[in-house]
Amino acid sequence: MSSVFRQALGADFDRLHPMMQRRFGVGLDAAEACVGHGTMQSIRRGPWWTVPFLQIGRLRNILVPDVGDDVPFTIENYPYRDVLGRETVTFVRTYTVCSGRTARFDATMVLVDGRVLDYLGSHQHLAVDLDLAVDERGGLVLTSDAQRFHEGPLSFRFPMLFSGRAILREWWSDDDRSFHVDLEVHNRLFGFLFGYRGSFTCEWVPATDAPERLKPRRTEART
């Protein structure tokens, strides 16, 4: 079984830089995890009225309301099989913000009908379709698409008017031997909401399961 991202990208996966292929090749078949450590050169947010929205997201590890420069962070990508039998990869980012306090942004990704589905938050409340593309430098471009909210009996398509579209660019630089990441989230009506830019290095460790601390507190069956 190839990785979630290799299956979703198909032949385009081979256009990724070899270091990007290894990073996004994390899966049960590869039997390894990728753990990155680095610095966010900047974490930004939109106008003052975005703060309550971001603070609500903090409660379930969906959004990071903090801002700052040169913020240390880790990203942990571990493969595991969830209770529904789906191969899953964690994308858990932990930031060390002001006064040593940490903030965390949780995501878990599965393959559904040939596309990567990104569950956001500690309870997988938001299910987001991802469109994937490979750019000219062998980097990966992830663009969020339709979003659905699932909580108890509630399940509905989240109106994009009240949400944002994220574009995440990640690439490897041979110049500094590091991965680079650039994210921006925009609302079509209100403009820029949130973003960050940083770089990190990775180590690969043997793994066919994820630590419990990285797994969501509940697993959502609805897609």
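**View 1. A salt-bridge network links R115, D131, D145 and R165.** The model shown here is predicted, so local features need pLDDT of at least 70 and side-chain atom pairs count only at pLDDT 80 or more, while totals for chains, interfaces and linings use all residues. Residues are numbered from 1 along each chain as its sequence is written, and side-chain values use heavy atoms, with hydrogens and water left out. A salt bridge here is a side-chain nitrogen of Lys or Arg within 4 Å of a carboxyl oxygen of Asp or Glu. Side chains of opposite charge can pair when their charged atoms come close.

**View 2. Zoom in on R115 and D131, whose side chains meet in a salt bridge at 2.4 Å, N to O.** R115 lies in strand β8 and D131 in strand β9, so this pair ties together parts that are 16 residues apart in sequence. Strands (E, at least two residues) and helices (H or I, at least four) are DSSP runs, numbered from the N terminus. R115 is partly exposed, with a relative accessible area of 32%, and D131 is also given as partly exposed, at 32% relative accessibility. For these labels, buried means under 20% relative accessible area, exposed over 50%, and partly exposed in between (1.4 Å probe, protein chains only).

**View 3. Here are β8 and β9, a hairpin with five residues between its strands.** Strand β8 covers residues 115-120 and strand β9 residues 126-134, and they pair in the antiparallel sense over five bridges. Two strands count as paired if DSSP finds at least two bridges between them. To find your way across the pair, look for V116, which stands opposite L130 in β9. In the turn, G121 has a positive phi of about 95°.

**View 4. Next comes the pairing of β9 with strand β10 (residues 140-151), which is antiparallel over eight bridges.**

View 5. R15 counts as partly exposed at 45% relative accessibility, and D12 is partly exposed with a relative accessible area of 34%. A search of the whole structure finds 19 salt bridges.
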